[in-house]
Amino acid sequence: MKKLGALVAAAALMITGCGASSGGSGSETLTVFAAASLTESFTALKTSFESAHPGTEVKFNFAGSSALVQQLSNGARADVFASADQTNMDKAVQAGVVDGAPSVFATNRLTIAVAPGNPKGITGFADLARGGLTVIVCAPQVPCGSAAEKVERGTGVTLRPASEEQDVKQVLNKVQTGDADAGLVYVTDAASAAGKVGQVDFPESAQAVNSYPIAVVKDAPQAGLAKQWVEFVLGEQGRAELQKAGFGAP
């Protein structure tokens with residue numbers, strides 16, 4: 001009887017275990033590598049996606065697009081890559097780390113983040129070359145830095161930044177903390193910090209509009225979920241959230 005009881009208990013455990021693993025989504029983790037400027041909008045989309053996919057957890061790695069490509073090229077495991085420009089996505093394609101053709105899901109443009117009330121009286125891009133201003137930009141390999149260089153070339157204005165940061169959130173943070181008088185960030189980043197920074201738009205930003213492509217990572221551990229996330233971002237709900245954050249349509 002003892003042996004029979006042990007066998008019954010073991011069988012019950014096996015059935016329970018099978019039920020848990022085949023019960024569908026279980027504890028699946030979707031890992032998304034995304035440009036830092038997508039932090040607020042993708043975090044908002046995470047809640048809706050997880051609600052529609054019970055048992056799924058979306059985890060993010062937000063950083064400069066160039067750093068993310070480097071991480072993927074070095075073997076980092078991820079399911080989705082969303083870049084803040086086409087150049088870094090092209091690098092990912094050339095490195096063979098994404099699967100299939102990327103899709104553009106949004107656009108973004110630069111603005112000038114300043115202290116609340118704009119105490120330095122900055123009115124446009126040319127003002128950033130004035131003496132006595134501490135100006136921060138993104139590094140050239142980062143999409144926001146590449147966009148800043150395009151504007152410099154188009155306007156003939158040469159900036160002398162105090163530092164070049166590795167992602168746009170670092171630029172924004174330096175303006176928020178008072179370590180910089182002005183910083184070139186995306187309009188979406190300035191909007192996310194409304195009340196903490198002021199915003200000075202400039203027409204020349206139209207010369208350097210960034211397109212944001214997204215793709216499934218090659219050999220993604222959660223390839224099926226990754227495709228669903230991409231479709232979700234490209235779909236109506238994703239578009240609405242991105243528009244709310246200030247992104248332009250593709």
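Student: Is leucine 110 buried or exposed?
Tutor: Leucine 110 is buried, at a relative accessible area of 0%. Buried means under 20% relative accessible area, exposed over 50% and partly exposed in between, with a 1.4 Å probe and protein chains only.

Student: What kind of model is this?
Tutor: This is a predicted model, where local features need pLDDT of at least 70, side-chain atom pairs count only at pLDDT 80 or more, and totals for chains, interfaces and linings use all residues. Residues are numbered from 1 along each chain as its sequence is written, and side-chain values use heavy atoms, with hydrogens and water left out.

Student: Where is leucine 110 found?
Tutor: In strand 5, residues 110–114. Strands (E, at least two residues) and helices (H or I, at least four) are DSSP runs, numbered from the N terminus.

Student: And what does leucine 110 touch?
Tutor: Leaving aside residues up to four places away in sequence, its contacts include Cys144, Val151, Tyr186 and Phe202. Contact means heavy atoms within 4.5 Å. Leucine 110 and tyrosine 186 are 76 residues apart in sequence, but their C-alpha atoms are 4.3 Å apart in space.

Student: Switching to rings. How many aromatic pairs are there?
Tutor: Twelve. Rings of Phe, Tyr and Trp (its six-membered ring) pair if their centres lie within 6.5 Å; planes under 30 degrees apart count as stacked, over 60 as edge-to-face and the rest as tilted.

Student: Why is the pair of phenylalanine 49 and tryptophan 229 called edge-to-face?
Tutor: Because the planes are at 75°, with the ring centres 5.2 Å apart. Phenylalanine 49 is in helix 2 (residues 39–52) and tryptophan 229 in helix 8 (residues 223–234), so the pair ties together parts 180 residues apart in sequence. Both phenylalanine 49 and tryptophan 229 are buried.

Student: What about tryptophan 229 and phenylalanine 232?
Tutor: That pair is tilted, because the planes are at 50°, and the centres are 6.1 Å apart. Both residues lie in helix 8, three residues apart, about one turn of the helix.

Student: How many bridges join strand 1 to strand 2?
Tutor: Eight, and the two strands run parallel. One of the bridge partners in strand 2 is glutamate 57, which goes with threonine 29.

Terms used: Two strands pair if DSSP finds at least two bridges between them.
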